[in-house]
Amino acid sequence: MPSRVTMTVNGKTVSREVEERTLLVTFLRDHLGLTGTHVGCDTSQCGACVVHIDGRSVKACTALAVQVEGCSVTTIEGLAAADGTLHPMQAAFREHHGLQCGFCTPGMVMSAVDLVRETPDLTEQEVRNALDGNICRCTGYHNIVKAVLAGAEAMKAEPSRIAAE
Amino acid sequence: MYAFSYQRPKTLAEAANALKAEDAKLLGGGQTLLPTLKQRLARPSDLIDLSAIPDLKGVREVAGGLEIGAFTRHAEVGQSEVVRRVIPALAGLAGNIGDRQVRHMGTLGGSIANADPAADYPAAVVALKTVVVTDRREIPGDDFFTGMFETALQPDEIVTAVRFTKPDQAGYAKFRNPASRYAVVGVFVAKFGAEVRVAVTGAGPSVFRADALEAALAADFRAEALDGVAVDADGLNADIHASAEYRAHLVTVMAKRAMGTLE
């Protein structure tokens, strides 16, 4: 049954008629054209589809668009500043080459931003444990963990910007 | 997934009324139900999302323990200052369910109503002398889980909260499946005065109490008291992840580890 769903995505209000069974990730990719959010496993395991709902990381393949009615969603497209300046976590992934094929990267970055928001001071082991909902099929974890730790430091240096998200 | 009609009622009464529809199903955080629907393993006529009902949410300290609303998400329980203070082992359990993203969505009521044999919460519900509160009655935690994916709930009954009794000490340890993050075996130990309760999830078709381990710990509440105490593999789960014998062995090992996390 079609239903109108309205939410804020990357700071803009969007409203669409969708079938009620539409997944959030389908809504973002197919209805809004925001293809930065990836579908990896489609079984809630891999984390390639991670977005923020009201600031908290969730798997967009395991939520219905209608469940997110009225919420604020941030995708990887919403992280960089309007002038294209990368979010500190994105910059850290680039600097430390925290990717190989790049398919898992949007989810890794979104999970990392949420993690650092909650726990600014992280050890390497804590990062490894906390990223267990994100799988890198290239097994590029070493640089991903390095990037998250560097991104965490950089986010501390830019508190005002992070708070504005 | 098959089409369904979606509703988000604002009160428990509205939800109960909507649940009268044939083949209606309640939606908690959806972390099990949505994957099930995606695989077309279920075909509900209606999905009734409980997320907009304020009465079902939150942690409250009550005489003798805690009452946690059924729609309280795992992350909230894991991070709750009240839960960490009153029953830290419960906060620890909730904070290690699934992964971070699943914990941001999944709910207490959804987990126990689903009664997955490898879920974490059932171990706490059975160990912590709980009462499962529904829209019509109170069910002792000991009687709530009746089999694999089966509970004492009626088809149209809604879990509203769970009341946990504060133990003197408690601990939980699980041997995690690294892919699914479910418990291959999870053991919750709780001490109430002279009484010791040991609840085991993941090992059998449904959560159960390990009598032999309880007796050993009641006599001597130390991890060493479990040395040589064996659990019968008969009737335990066997799959590609672990044989019944291996799970039986893990029960004692996890119980000892739980004793090492007592708070």
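**Close-up 1. B:D49, a buried residue in strand β3 of chain B.** In this predicted model, B:D49 is buried, with a relative accessible area of 1%. The residue belongs to strand β3 of chain B, which covers residues 46-49. Leaving aside residues up to four places away in sequence, B:D49 touches B:Y6, B:Q7, B:R8, B:P9, B:L27 and B:G28, and also A:Q67 from chain A. For a sense of scale, look across to B:A216: this residue lies 167 residues from B:D49 in sequence and 44 Å away in space, C-alpha to C-alpha.

**Close-up 2. Cysteines of chain A without a disulfide.** How many disulfides does the structure hold over all chains? The count is 0. A:C41 is in no disulfide, and the nearest cysteine sulfur, which belongs to A:C46, is 3.8 Å away. A:C41 is partly exposed, with a relative accessible area of 28%. Now turn to A:C61, whose closest cysteine sulfur is that of A:C49: at 3.9 Å, the two are too far apart for a bond. Is A:C61 buried or exposed? A:C61 is buried, with a relative accessible area of 2%.

**Close-up 3. Helix α2 against helix α3 in chain A.** Here helix α2 (residues 88-95) meets helix α3 (residues 105-118), both of chain A, with axes that come within 9 Å and cross at roughly 125°. The two helices, α2(A) and α3(A), are therefore oblique to each other, and their crossing is right-handed. On the α2(A) side, the contact is made by A:M89, A:Q90 and A:F93. From α3(A) come A:T105, A:M108, A:V109, A:A112, A:V113 and A:V116. Sorted by class, the contact of α2(A) with α3(A) has 7 nonpolar and 2 polar residues, with no charged ones.

**Close-up 4. Helix α3 against helix α5 in chain A.** Staying with α3(A), we can follow its packing with helix α5 (residues 141-157) of chain A, at an angle of about 45° and with the axes 10 Å apart. That angle makes α3(A) oblique to α5(A). The crossing of α3(A) with α5(A) is right-handed. Which residues make the contact? α3(A) supplies A:M108, A:A112, A:V113, A:V116 and A:R117, while α5(A) supplies A:Y141, A:I144, A:V148, A:A152 and A:M155. By class, the contact of α3(A) with α5(A) has 9 nonpolar residues, no polar ones and 1 charged.

Notes: Residues are numbered from 1 along each chain as its sequence is written. Chains are lettered from A and ligands numbered from 1 in the order in which they are written. This is a predicted model: local features need pLDDT of at least 70, side-chain atom pairs count only at pLDDT 80 or more; totals for chains, interfaces and linings use all residues. Side-chain values use heavy atoms; hydrogens and water are left out. A disulfide is a pair of cysteine sulfur atoms within 2.5 Å. Buried means under 20% relative accessible area, exposed over 50%, partly exposed in between (1.4 Å probe, protein chains only). Axes are lines fitted to C-alpha atoms, for helices over the stretch in contact, and angles run from 0 to 180 degrees between N-to-C directions. Helices (H or I, at least four residues) and strands (E, at least two) are DSSP runs, numbered from the N terminus. Angles under 35 degrees count as roughly parallel, over 145 as roughly antiparallel, 65 to 115 as roughly perpendicular and the rest as oblique. A crossing is left-handed if the near helix is turned anticlockwise from the far one by less than a right angle, and right-handed if clockwise. Contact means heavy atoms within 4.5 Å. Ala, Val, Leu, Ile, Met, Phe, Trp, Tyr, Cys and Pro count as nonpolar, Asp, Glu, Lys and Arg as charged, and the others, Gly among them, as polar.
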